[in-house]
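Okay, everyone, let's talk about aromatic rings today.

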Amino acid sequence: IVLNRFRGGSYLAIGLSAIGLFGVFLFLTYYLQLILSYSPVTTGLAFLPMIAALIATSTAVSAVLLPRFGPRILIPAGMVVAAAGLVILAAQLGVHTSYPSTILPALVVIGLGLGLVFACAINTATYGAAREDAGVASAMVNTNQQVGGSIGTALLNTIAASAFSSYLVTHGPGPAAQAGAAVHSYIVAFWVSAGIFAAAAIVCVLVLPPGLLALAPPEVAPATA
């Protein structure tokens with residue numbers, strides 16, 4: 001199942017993108033609730049533009065772009081776009097950052113990139129698998145998402161906690177320093193997530209083979225006597 005380069009590359013793309021995606025959800029939720037004082041419901045609504053961009057992009061990619069360009073071009077391109085959205089977020093985030101002017105555009109860019117990645121990777125994940133192996137090939141998608149999310153949450157939380165502590169050592173323990181340390185830790189996590197997406201783009205270029213996904217021949221119903 002995984003030795004096929006189309007499928008193996010798609011599993012890597014899903015797992016690596018899940019690392020960065022869970023970082024976005026986790027630390028941006030912290031920022032919106034703890035720094036901007038959003039309620040949990042408002043925070044959930046704030047993520048909807050990213051989800052809308054992801055759905056719109058994935059629909060168009062599956063129907064139009066994937067049959068023309070293949071996954072080797074589209075998946076790394078989506079990784080780069082998602083990394084660009086994280087760079088926008090990390091470069092402009094502050095204690096008093098505006099959601100409409102900074103966070104919203106970054107979320108839309110991230111959603112566009114993730115729509116490219118997930119649409120292509122999920123379509124490619126079961127490509128060429130025999131009928132008896134289709135369940136395993138499909139289950140590998142969820143497995144890689146869960147593993148990537150677990151690694152991303154643990155790794156990025158550790159990095160953010162270290163950045164938080166280092167900031168307080170140099171700026172003191174006051175209330176303003178606490179808020180600044182929290183934002184600094186989120187920024188560091190977003191930079192690391194952007195680097196993960198950029199590195200994942202390179203990995204996917206190397207692993208995924210060139211070419212298009214060949215359509216499976218239609219099944220012919222057995223003739224009745």
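So, Phe27 first: in this predicted model that residue is buried, at 2% relative accessibility. How are the two rings arranged, then, stacked, tilted or edge-to-face? The centres of Phe27 and Tyr30 sit 5.9 Å apart with the planes at 80°, and anything over 60 degrees goes down as edge-to-face, so that's what we call this pair. Both residues are in helix α1, three residues apart, which puts about one helical turn between them.

And there's a bit more around that spot. Phe27 and Tyr30 join Tyr31 and Tyr186 in a cluster linked by ring pairs.

Okay, how many aromatic pairs are there with a cut-off of 6.5 Å between centres? The count is seven. Another one of them is Phe25 with Phe47, a tilted pair, 5.2 Å centre to centre and 55° between the planes. What I like here is where the partners come from. Phe25 belongs to helix α1, residues 5-35, while Phe47 is in the loop between α2 (40-46) and α3 (48-69), so this pair ties together parts that are 22 residues apart in sequence.

Buried or exposed, for that loop residue Phe47? Phe47 is buried, with a relative accessible area of 8%. Phe25, on the helix side, is partly exposed at 29%.

Methods. Residues are numbered from 1 along each chain as its sequence is written. This is a predicted model: local features need pLDDT of at least 70, side-chain atom pairs count only at pLDDT 80 or more; totals for chains, interfaces and linings use all residues. Side-chain values use heavy atoms; hydrogens and water are left out. Rings of Phe, Tyr and Trp (its six-membered ring) pair if their centres lie within 6.5 Å; planes under 30 degrees apart count as stacked, over 60 as edge-to-face and the rest as tilted. Helices (H or I, at least four residues) and strands (E, at least two) are DSSP runs, numbered from the N terminus. Buried means under 20% relative accessible area, exposed over 50%, partly exposed in between (1.4 Å probe, protein chains only).
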